[in-house]
Amino acid sequence: MKPAFRDRAAAGAHLAAMLEKYKGGNAVVLAIPAGGVPVGAAIARELGLPVHAAPVSKVLYPWTTESGFGAVAFDGSVWIDEEAAENSRLTKAQVEKAVADARAKVERRTKTLSSGKALTGLSGKTVILVDDGIAAGSTMRTAIAALRKLGAGRIVVAVPTAPSRSLDVMRRFADEIVCPNIRGGGSFAVADAYEEWRDLSDDEVEAMLKR
């Protein structure tokens, strides 16, 4: 199948066209690093909105750098898919280490990338929460829960690509979902939606946010 987008910036421009009603309003774009930042920056640029990083990290299985069974958010909150952890026969020590690793990553990125003031001044605001895609959805649902605690008024999930099954779950948590490339079938990888897709360093992400 042909990729839907040239790169993350092009995907962000596509999403911005679908989010036109928020242009020039009082919404704020929150982008999940690293991959969500170029998408979010493009949305913010097109709509004339502020953009900030909202660090959230998957709690990863010990044998992979991509697949997770939970997530840690910028406010320190943790969500674990207990059923997935049990089905994978993870030990308590493995779960604790995975959570600690995710927490360390979030704390590092919160310190270097995010504005604490921006993440606490969200009461009553519309938040456009952005990533470069949703796979299982643990990162996004954990971010939404953290934003609810901060009093966000309306949460709009904006992602270029996701499987239909994950969006069905996400509709229970978000007020609105915008996703142009919805895919069915058994296998799914966010990278498949892009012609150009690579891991981004924190330095690259920081430079994008400053621009």
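Good morning. The structure is a predicted model, in which local features need pLDDT of at least 70 and side-chain atom pairs count only at pLDDT 80 or more, while totals for chains, interfaces and linings use all residues. Residues are numbered from 1 along each chain as its sequence is written, and side-chain values use heavy atoms, with hydrogens and water left out.

I begin with the chain as a whole. The protein chain has eight helices and 10 strands; these are DSSP runs numbered from the N terminus, helices being H or I of at least four residues and strands E of at least two. Its radius of gyration is 16 Å, close to the 17 Å that the globule rule gives for 211 residues, so the chain is as compact as a globular protein of that length. That radius is taken over C-alpha atoms, and the globule rule is 2.2 Å times the number of residues to the power 0.38. Along the principal axes, the C-alpha atoms fill a box of roughly 50 × 40 × 35 Å.

How much of the chain is buried? Buried residues make up 50% of the 211 residues, where buried means under 20% relative accessible area, exposed over 50%, and partly exposed in between, with a 1.4 Å probe and protein chains only. Of the contacts between residues at least 6 apart in sequence, 65% join residues at least 24 apart; a contact means heavy atoms within 4.5 Å.

I turn now to the parallel sheet. Five strands form this open sheet in the order β2-β1-β6-β7-β9, and their pairing is parallel. Two strands pair if DSSP finds at least two bridges between them. The edge strands are β2 (51-53) and β9 (176-178), each of which pairs on one side only. Neighbouring strands are turned by 25 degrees against each other on average, direction ignored. Axes here are lines fitted to C-alpha atoms, for helices over the stretch in contact, and angles run from 0 to 180 degrees between N-to-C directions.

Within this sheet, strand β1 (residues 28-31) pairs with β2 in the parallel sense over three bridges, and four bridges join β1 to β6, again running parallel. Leu30 illustrates both pairings: it stands opposite His52 in β2 and opposite Leu129 in β6.

Five of its five residues are buried, so β6 is largely enclosed by the rest of the structure. In a regular strand the side chains alternate between the two faces of the sheet. In β6, Thr126, Ile128 and Val130 point one way, and Val127 and Leu129 the other way. Helix α2 (residues 36-47) lies across β1, β2, β6 (126-130) and β7 (154-158), running at about 165 degrees to β1.

The next topic is the antiparallel sheet. It is an open sheet of three strands in the order β3-β4-β5, with antiparallel pairing. Strands β3 (57-60) and β5 (78-80) stand at the edges, each with a single partner strand, so one side of each is left without a neighbour in the sheet. The twist averages 25 degrees from one strand to the next. Three bridges join β4 (residues 68-72) to β5, and Gly70 has Ile80 in β5 as its bridge partner.

Two helices lie on this sheet. Helix α6 (residues 138-149) packs on the sheet and touches β3, β4 and β5, its direction making about 25 degrees with that of β4. Helix α4 (residues 92-113) lies across β3, β4 and β5, running at about 160 degrees to β3.

Helix α4 also packs against helix α8 (residues 202-210), at an angle of about 35 degrees and with the axes 10 Å apart. The contact is made by Arg108, Arg109, Thr112 and Leu113 of α4 and Asp202, Val205, Glu206 and Leu209 of α8.

Where is Tyr61 found? Tyr61 lies in the loop between β3 and β4, and at 12% relative accessibility Tyr61 counts as buried. Leaving aside neighbours within four places in sequence, Tyr61 is in contact with Ser67, Gly68, Phe69, Ala84, Ser88 and Leu90. The C-alpha atoms of Tyr61 and Ala85, 24 residues apart along the chain, are separated by 8.6 Å.
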